[in-house]
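Thanks for asking me to look this one over. My notes follow as numbered points, with the model itself first.

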Amino acid sequence: MRKSALGAIGVALIAGGLVGDAALAKGPRFEARITRTSYGIPHILARDWAGAGYGVGYAYAQDNLCLLAEEFATVAGDRSRHFGPKQTATLGFDKVDNLSSDIFFRAMIDLPALRASLARRPAKERALLEGYVAGYNRHLRDIGAKGVPEACRGKAWVKPITTDDMLRVAEKQVLLASSLALAPYIVNAAPPGKPQASITSTRLPGDPTIGWGSNGWAFGAEVTDNGRGLVVGNPHFPWEGPSRFWEMQITIPGEIDAMGVGLAGTPLVALGFNKDVAWTHTVTAAQHFTGFELKIDPADPTRYLVDGTSEKMRATEISVPMPGGAAPVTRTLYSTRFGPVITIPFIGMAWKADKAFAIRDANYDNDRSITAWIAIGKARSVAEVKAAVSSTLGIPWVNTIAADRAGNVLHADVTAAPNVSIEKAKACATPLSASVAGRFVLLDGSRSSCDWDDSPGTAGHRLMPAADQAIWERRDYVANSNDSYWLSNAGAPYRQLSPVLGPWGTARTLRTRSGLVEIARRFDGSDGLGGTKVDQAKASEMILANKSLAAELALPAIRKLCAGEEKVAAACAALGTWDGRFNLDSRGAVVFSAFWPAASRVPGIWQTAFDPADPVHTPRDFTTAGEAGAKLLGVLADTQAKLIKDGFALDARWGDTQFAIRGDEHIPIHGADGQLGVLNVQMSKPEAGGLVPYHGSSYIQVVTFDDKGPVADAVLSYSQSTDPASPHFADQTRLYSAKKWVRLPFTPAEIRASADGPAVTIRE
């Protein structure tokens with residue numbers, strides 16, 4: 001009778017040593033057991049969702065307290081007060097000045113609405129957030145003021161948090177690839193005749209220079225050695241700031257057992273695996289906002305006409321505290337029925353006497369993301385993953401690529417997207433719509449009929465139903481490298497969908513083409529790895545091969561162009577011996593990496609143009625004939641001169657050129673920019689006499705299944721901790737440098753065998 005009263009969960013927790021029999025009768029509000037395994041990965045065992053959040057919040061703060069405390073200051077709109085208004089903040093994947101960041105968050109985050117929304121969410125979600133708050137605050141109490149890491153010791157912004165802080169972080173994360181990326185254009189919008197703030201940014205969501213990216217592959221039973229599913233997850237994310245991934249396992253016996261990664265302030269696994277399913281994400285090409293062109297009322301530039309009726313814009317005054325008690329900076333922002341007014345002068349979207357522009361973000365009220373990721377973490381098949389993303393429409397801005405132990409694969413490009421059909425996008429276009437179509441859909445805001453459609457039964461107001469978005473279910477493979485849904489399987493292009501979901505029938509990036517080429521070579525055995533099936537070892541080698549499709553297509557012709565050209569002799573000599581890869585020992589790679597971005601824009605370099613019937617292999621046939629050859633030599637000469645001026649040795653090892661800095665240590669890093677057709681992306685900036693990665697391959701996982709559960713190899717390129725005093729500040733970075741992997745422990749026995757010290761139980 002006693003065992004029945006305790007239930008299976010209670011028995012499991014007692015057996016695991018988390019709680020005693022008496023504690024179950026009247027236990028603490030928050031309790032978790034944290035076991036750290038090799039490379040500092042925490043495995044959190046809890047009896048409920050509050051305990052799981054408690055363990056995650058505590059463990060994350062142990063590894064990244066300064067980073068997370070700063071993030072809480074950012075989303076509270078307090079950066080100017082603490083760091084000065086002219087310094088910069090990382091908003092998603094880009095930087096803006098602190099004042100713009102503060103104005104954005106103070107204007108766009110509606111705490112009363114977020115609190116009301118949370119009160120309506122399932123109890124487990126509220127408990128998860130409350131637990132995270134308690135865990136973070138518990139760690140602050142445990143270490144005391146003197147135990148705070150040196151980087152933020154004594155700073156006023158390192159302080160206990162509340163659920164409000166978690167709500168702000170969650171709101172920021174769902175807006176990461178939409179409103180957040182437009183922050184400079186929102187906060188600096190002013191009516192004609194009013195002082196215009198300077199807008200220095202010229203980047204928008206979808207611009208290739210931003211570097212959003214990832215590779216996600218899922219292989220099914222028809223093509224894997226073991227007849228089970230296999231997932232390769234290779235997200236390209238920042239190496240610095242709050243969008244770094246962090247590894248964890250969360251176990252609530254009988255409820256969830258999932259392992260993988262989350263971002264700063266994320267209380268659960270957002271990308272990873274469980275006993276039956278593995279999944280990864282890539283930033284989708286789908287748009288999560290649309291623009292609306294407004295017809296301004298001639299009598300007042302802060303009024304606009306809809307169906308001929310004048311409506312008043314809503315004016316909101318934002319006040320931002322300044323450091324040292326200086327007077328706050330105030331700014332008035334304007335909003336419409338379609339969302340905030342925005343000004344992007346460099347693409348013709350300026351606020352004038354006759355027109356203005358607004359944006360609506362489909363993720364602005366997305367409170368469903370936790371629901372979606374909990375359901376994915378509990379899924380037993382890709383069918384259940386599909387159901388999770390489709391029913392919630394809670395995935396904010398990423399594709400979901402998954403495989404299960406039965407050998408089924410899924411690509412669901414299903415997110416919180418505006419419900420705008422092909423027909424509506426055409427019927428509601430304005431004269432400016434065509435010129436901005438490559439960036440986002442622009443609709444006529446002077447007609448109410450041009451608002452987003454509302455479909456009954458969807459999880460959110462005016463969201464596109466999952467049935468109208470792209471879903472692949474197969475038994476061979478699906479792949480995505482941030483191009484649109486069209487070509488996730490080269491043998492079965494998807495039908496054309498709404499332009500909101502990305503371009504269809506257009507040229508693919510070199511990175512997308514590279515992935516599909518390598519997959520095809522694996523299936524026909526021409527990659528030299530043996531056989532024609534995919535297994536864990538072969539997939540691991542494929543994703544870190546560091547091949548450059550650009551070099552494969554262009555290098556032979558460039559070498560011929562070099563013959564006898566004395567003015568570029570040094571660069572040509574380096575390219576002449578380069579192996580065409582970006583491995584640590586590759587010599588000459590620095591020349592091609594600097595040359596190709598400009599060379600690829602030279603007109604006429606491809607003899608065979610893009611063909612939608614052969615998108616993987618076109619454009620091709622690189623040519624240096626005529627004017628194109630002269631321009632390419634000019635680019636190569638400029639490249640050579642700049643590299644020499646900047647102190648780069650043209651024939652240096654790539655690993656001596658590109659490196660991560662960890663204290664006094666320079667750790668050589670392989671991989672290169674994705675525009676070179678390299679799958680293992682590393683975007684780097686000149687620093688310390690070399691190139692230092694700031695964005696690229698992060699948490700890489702290769703997961704399959706055996707009869708007992710998941711078999712997962714992974715590496716976190718920049719390591720678990722941002723604290724230089726931590727033993728896990730650089731350990732996985734060295735591992736990644738050597739192309740080595742961690743076999744992740746998942747079962748209790750595996751965790752015990754890999755434990756790095758005794759488990760710690762925290763409770764209150």
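1. A word on terms before the count: helices (H or I, at least four residues) and strands (E, at least two) are DSSP runs, numbered from the N terminus. On that basis the protein has 22 helices and 32 strands. Please keep in mind that this is a predicted model, in which local features need pLDDT of at least 70 and side-chain atom pairs count only at pLDDT 80 or more, while totals for chains, interfaces and linings use all residues. Residues are numbered from 1 along each chain as its sequence is written, and side-chain values use heavy atoms, with hydrogens and water left out.

2. Along the principal axes, the C-alpha atoms fill a box of roughly 85 × 75 × 55 Å.

3. Now the inside and the surface. Buried means under 20% relative accessible area, exposed over 50%, and partly exposed in between (1.4 Å probe, protein chains only). Of the 764 residues, 60% count as buried. The accessible surface comes to about 28,400 Å², with 53% of it belonging to carbon and sulfur atoms; areas come from the Shrake-Rupley method with a 1.4 Å probe, and for residues only the protein chains shown count as cover.

4. Taking contact to mean heavy atoms within 4.5 Å, look at the pairs of residues at least 6 apart in sequence: 67% of their contacts join residues at least 24 apart.

5. How many disulfides does a search of the whole structure find? There are three, a disulfide being a pair of cysteine sulfur atoms within 2.5 Å. With the bonded cysteines numbered in sequence order, the pairing is 1-2, 3-4, 5-6.

6. Cys-66 lies in helix H3 (residues 49-75) and Cys-152 in the loop between helix H7 (123-147) and helix H8 (163-174), so the pair ties together parts that are 86 residues apart in sequence. The torsion about the S-S bond of Cys-66 and Cys-152 is about -80°, so this link is left-handed. Cys-66 is buried at a relative accessible area of 14%, and Cys-152 is buried at 1%.

7. Cys-428 and Cys-450 form another disulfide, their sulfur atoms 2.2 Å apart. This pair links distant parts of the chain, 22 residues apart: Cys-428 is in the loop between helix H12 (422-427) and helix H13 (433-436), and Cys-450 in the loop between strand S20 (442-444) and strand S21 (470-474). The link is left-handed, with -90° about the S-S bond, and both cysteines are buried.

8. Cys-562 and Cys-572 are also joined, S to S 2.0 Å. Cys-562 lies in helix H16 (residues 549-562) and Cys-572 in helix H17 (residues 569-577), so the bond ties together parts ten residues apart in sequence. Cys-562 is buried at 9% relative accessibility, as is Cys-572 at 11%.

9. A cis peptide bond joins Thr-618 and Pro-619, with omega about 0°; Pro-619 sits in the loop between strand S23 (606-608) and strand S24 (620-622). Asp-621, found in strand S24, has a positive phi near 60°.
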